[in-house]
Amino acid sequence: MRKLLRRIFLIDLIEGLAVTFRYQHPKYITTEQYPAERPKIAERYRGAPRLNNHPETGETLCIACNLCALACPENLIVVGSERNEQTRRKELTTFTYDTSRCMFCGLCEDACPVDALELTQDFELASYSREGAIWDRQMLEEGPRPARYKY
Amino acid sequence: MADSTFLDSTELVLNMGPQHPSTHGVLRVILKLDGEKVLGTECVIGYLHRGVEKIGENRTYQMFAPYVDRTDYVAAVSNGLGYCLAVEKLLNVEAPPRAQVVRVILTELNRIASHLVWLGTHCLDIGAITPLFYTFREREMIMNIYEKYCGARLTTHAFRIGGLQYELYDGFEQDCREFCDWFLPRVDEYEQLLTGNRILVARMTNVGVLNAADCKAYGVTGPMLRAAGVKWDLRKAQPYSGYEQYDFEIPTGVNGDTYDRYLVRMEEMRQSVRIIRQALDRIPDGPIMAKVPKVIKPPVGEVYVSIEAPKGELGYFIVSDGSTQPYRVRIRPPSFVNLQALDKMARGALVADVVAIIGTIDIVLGEVDR
């Protein structure tokens, strides 16, 4: 009998609708207002790669050991180095990072012994051309410059 | 002999997919129809084939770990756990206790996330649009925990061979507890929305029935097998990563139809919350990484390790020839095996039921095609 009344008065549907209407309240809005508001990115987020410079001297931290290139599953890092005849040490000349093939697994930054290569919180990596996704040393040191839009 | 016209023929062959929105990606099902009735189905897979197993033969053991996340991308952490356990067994090392507990927490969160995606899309397919927004709201909390823990949301690469790469962040336990407290009432809400709903019940009961004997014959595992009444869960049957220490129940169904599978998965989400709460109470101190050499060179041999992924038994079969790269990696994906039963379930059903049946198998095409 109770079951029949529930069916006749559409109780099962009304119960469901009650849930829907409860969430009409503005405090349940979860929409993010990107790009007007920047989203909060976690500290450990693996985004755009960056080649760190020494904060005081401005020289690159990279010692051109090539470990990141060896650790990369996609072989997308190419490290160019030259031996300095005076100090007898390898010095970094070029550094190429193909972000179009990168899957941001973080194995390169794990492999880096001097914390020179780092995946940062920048996430706006879009580019108008395929060549634009291949980053050279200058771009890796300065970081991406996404267009800022005004609203 | 006169040419038969279109009107004469009673059988019609129809392609469903690969662009059909309810095929969850790029599954193509060729339907043989008599009016609305399905006489037979044939699955065409491979649209998302990337050769993951072959890639594994050309990568070192550590390098291959990010790729397994990309097979079942909805439950990437479970894939990572299965692969890491397999290589650890090959190397004969075991992750430290702290790493094991954290692994359990993250994989159970992942099970909830996977079931939430299933619940949202499955109900969307059969006409209930609202739950999708609610399930993705809860899933967002899990994704935020992942993002804070390991820096990625979907293809996480959270585990490493021998343990974990990242130490827990400050407030991890609090985040997980907040999620558990928030999530349990939300499951009740989903049930309020869906379980009693006459439209949903009518769309689900006695649709896609697969009994226990058929499940075993097809090798179907996971919630589909449990909905048929078989109490089989690898977390209990062959515990890994310390699952024997946790107190939880295996929900089972009776009829093995779509509605039972729905109920089983809803209950599994609650049990996962139970496991997470128990695990949070007992995170031990200690190292998070076992002693694993930098260059992993396992001894010659082969190993098969299977875990209970959200969709069923996920197995990794790895053959080592003693070098730094695996000789062969074979992945036994639950979706691929479960998809075989589609024909058995869909025969005699209506076209609209096929949509419900594909949803209830809970396939991810990245895993089916690899």
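User: What makes G322(B) stand out in the hairpin of β7(B) and β8(B)?

Analyst: G322(B) takes a positive phi near 90°. The hairpin has five residues between its strands. This is a predicted model: local features need pLDDT of at least 70, side-chain atom pairs count only at pLDDT 80 or more, and totals for chains, interfaces and linings use all residues. Residues are numbered from 1 along each chain as its sequence is written, while chains are lettered from A and ligands numbered from 1 in the order in which they are written.

User: How do you know that β7(B) and β8(B) pair?

Analyst: Two strands pair if DSSP finds at least two bridges between them. Six bridges join β7 (residues 312-320) of chain B to β8 (residues 326-332) of chain B. The two strands run antiparallel. F317(B) stands opposite R330(B) in β8(B). V319(B) has R328(B) as its bridge partner in β8(B). Strands here are DSSP runs (E, at least two residues) and helices are too (H or I, at least four), numbered from the N terminus.

User: Why are β6 and β8 of chain B said to stand at the edges?

Analyst: The open sheet has three strands in the order β6-β7-β8 (chain B), with antiparallel pairing. β6 (301-309) and β8 each have a single partner strand, so one side of each is left without a neighbour in the sheet. Neighbouring strands are turned by 15° against each other on average, direction ignored.

User: What makes α3(B) a helix that packs on the sheet?

Analyst: α3(B) touches β6 and β7 of chain B. Contact means that the C-beta atoms of two residues, placed from the backbone, lie within 7 Å. The direction of α3(B) makes about 150° with that of β6(B). Angles run from 0 to 180 degrees between N-to-C directions, and axes are lines fitted to C-alpha atoms, for helices over the stretch in contact.

User: Why are α3(B) and α4(B) called oblique?

Analyst: Angles under 35 degrees count as roughly parallel, over 145 as roughly antiparallel, 65 to 115 as roughly perpendicular and the rest as oblique. The axes of α3 (residues 76-91) and α4 (residues 97-125) of chain B cross at roughly 140°. The pair is therefore oblique. The axes come within 8 Å. V77(B), S78(B) and L81(B) of α3(B) meet R103(B), L106(B), T107(B) and N110(B) of α4(B).

User: Why is α2(B) called roughly antiparallel to α3(B)?

Analyst: Their angle is about 155°, with the axes 9 Å apart. That makes α2(B) roughly antiparallel to α3(B). Y61(B), A65(B) and V68(B) in α2(B) meet N79(B), G80(B), Y83(B) and V87(B) in α3(B).

User: What about α5(B) and α6(B): which orientation, and which hand?

Analyst: They pack at about 170°, their axes 11 Å apart. They are therefore roughly antiparallel. Their crossing is left-handed. Among the residues of α5(B) in this contact are Y134(B), M141(B) and I145(B), and α6(B) brings residues including F179(B), F183(B) and Y190(B).

User: What makes up the contact of α5(B) with α6(B), by class?

Analyst: It has 13 nonpolar, one polar and three charged residues. Ala, Val, Leu, Ile, Met, Phe, Trp, Tyr, Cys and Pro count as nonpolar, Asp, Glu, Lys and Arg as charged, and the others, Gly among them, as polar.

User: Which element gives the largest share of the side of chain B that touches chain A?

Analyst: α5(B) does, with five residues. The contact takes 20 residues from chain B and 18 residues from chain A. The chain B side divides into six nonpolar, eight polar and six charged.

Technical notes
Left-handed = near helix turned anticlockwise from the far one by under 90°.
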